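Subject: Structure handover and notes

Hello,

My notes on it come after.

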Amino acid sequence: MIRVLIADDQALLRGSFRVLVDLSEDCTTVGEAGNGVEAVALAGQHRPDVVLMDVRMPLMDGIEATRRICADPATAETRVLILTTFDLDEYVYGALRAGASGFLLKDTPPGELLNAIRVVAAGDGLLAPSVTRRLIGEFAQRPAAGPPVHRRLDGITGREREVLTLIARGSSNVEIAGQLNLSLATVKTHVSRLLAKLEVRDRAQLVIVAYETGLVTVAQ
């Protein structure tokens, strides 16, 4: 069973998400949090597989809560799925930088929400190609709060750089295989090696690295 923690300051939404999760065959709710402080505490207590995290919450917002959950060794395996609305798009890049594995709009159909939970729980980043182009392309150039992130790509092979570039541009593994004339298994191997070498959690974080190191720019 995929263990899910729901963090949202609206009780009605929390209840709706809980019913949806608990009615599924492979997911179960382990707790509900009404603010970011509770989300961090409950994540440490229950160590869920996935946290459905709202952005705007009292006491501590979802981005800071995400940052703390992802930075804590005790919850290193927990994946955070950000819940947002169209008018909150400006928060998405910050959430991904904080360690979130992806995001969903709050009006996502129930079936897609459950599928998203499964995708994130499996260790994949929930960034569809269209989402990557629309959001990362727009927000990656924005300066981050605090010191810039410095990563060295010296240990990345030429082929891995090509794969990383295509990931950042929104290509799926199948598309990468076609563009580089590689087998799908080979592409997956390159992606796994990139995750290990760059010490990131999932595909969403690879996109962030590609932009922050300048490997890919918005103009490309």
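What follows is a summary of what was found, by topic.

This is a predicted model, in which local features need pLDDT of at least 70 and side-chain atom pairs count only at pLDDT 80 or more, while totals for chains, interfaces and linings use all residues. Residues are numbered from 1 along each chain as its sequence is written, and side-chain values use heavy atoms, with hydrogens and water left out.

Overall make-up

The chain has 10 helices and five strands. Both are DSSP runs numbered from the N terminus (helices are H or I with at least four residues, strands are E with at least two). Of the 220 residues, 49% count as buried. Buried means under 20% relative accessible area, exposed means over 50%, and partly exposed is in between, with a 1.4 Å probe and protein chains only. A contact is a case of heavy atoms within 4.5 Å. Among contacts in the chain with a separation of 6 or more, 68% come from residues 24 or more positions apart.

Cores

A nonpolar core is taken as a set of buried Ala, Val, Leu, Ile, Met, Phe, Trp, Tyr and Cys residues joined through side-chain atoms within 4.5 Å. The largest one has 25 residues, and L5, A7, V51, M53, I69, V80 and I82 have the most contacts inside it. Two or more residues each come from strand 1 (2-7), strand 2 (27-33), helix 2 (36-46), strand 3 (50-54), helix 3 (62-71), strand 4 (79-84), helix 4 (92-98) and helix 10 (203-212). Helix 3 gives the most to this core, with four residues. Leaving aside neighbours within four places in sequence, I69 is in contact with A39, V40, A43, V51, M53, T75, T78 and V80. Another core lies apart from this one; it has 22 residues, including L153, L194, V207 and L215. As a general point, nonpolar side chains tend to be buried together in soluble globular proteins.

Cysteines

How many disulfides does a search of the whole structure find? The search finds zero, a disulfide being a pair of cysteine sulfur atoms within 2.5 Å. C27 is buried at a relative accessible area of 1%, and C70 also counts as buried, at 15%.

Helix 1 against helix 5

Helix 1 (residues 11-23) packs on helix 5 (residues 110-121) at an angle of about 70 degrees, with the axes 11 Å apart. The axes are lines fitted to C-alpha atoms, for helices over the stretch in contact, and the angles run from 0 to 180 degrees between N-to-C directions. The two helices are therefore roughly perpendicular to each other. For such angles, under 35 degrees counts as roughly parallel, over 145 as roughly antiparallel, 65 to 115 as roughly perpendicular and the rest as oblique. From helix 1, F17, L20 and V21 meet P110, L113, L114 and I117 of helix 5. The residues of this contact divide into seven nonpolar, no polar and no charged. Here Ala, Val, Leu, Ile, Met, Phe, Trp, Tyr, Cys and Pro count as nonpolar, Asp, Glu, Lys and Arg as charged, and the others, Gly among them, as polar.

E160 is found in helix 7 (residues 158-168) and is buried, with a relative accessible area of 2%. Not counting residues up to four places away in sequence, E160 touches G155, H190, R193, L194 and K197.

R201 sits in the loop between helix 9 (184-198) and helix 10, and at 18% relative accessibility R201 counts as buried. Beyond its neighbours within four places in sequence, R201 is in contact with C70, A76, T78, R79, G99, G123 and L195. R201 and E77 are 124 residues apart in sequence, and their C-alpha atoms are 8.8 Å apart in space.

Loop residues

N181 is in the loop between helix 8 (173-180) and helix 9. N181 has a positive phi of about 55 degrees although it is not a glycine, and N181 is exposed, with a relative accessible area of 70%. E199, in the loop between helix 9 and helix 10, has a positive phi near 55 degrees and is likewise a residue other than glycine. At 71% relative accessibility, E199 counts as exposed.

P58 lies in the loop between strand 3 and helix 3 and counts as partly exposed, at 40% relative accessibility. Apart from neighbours within four places in sequence, P58 is in contact with D9, G34, N35 and G36. P58 and N35 are 23 residues apart in sequence and 5.4 Å apart in space, C-alpha to C-alpha.

Regards
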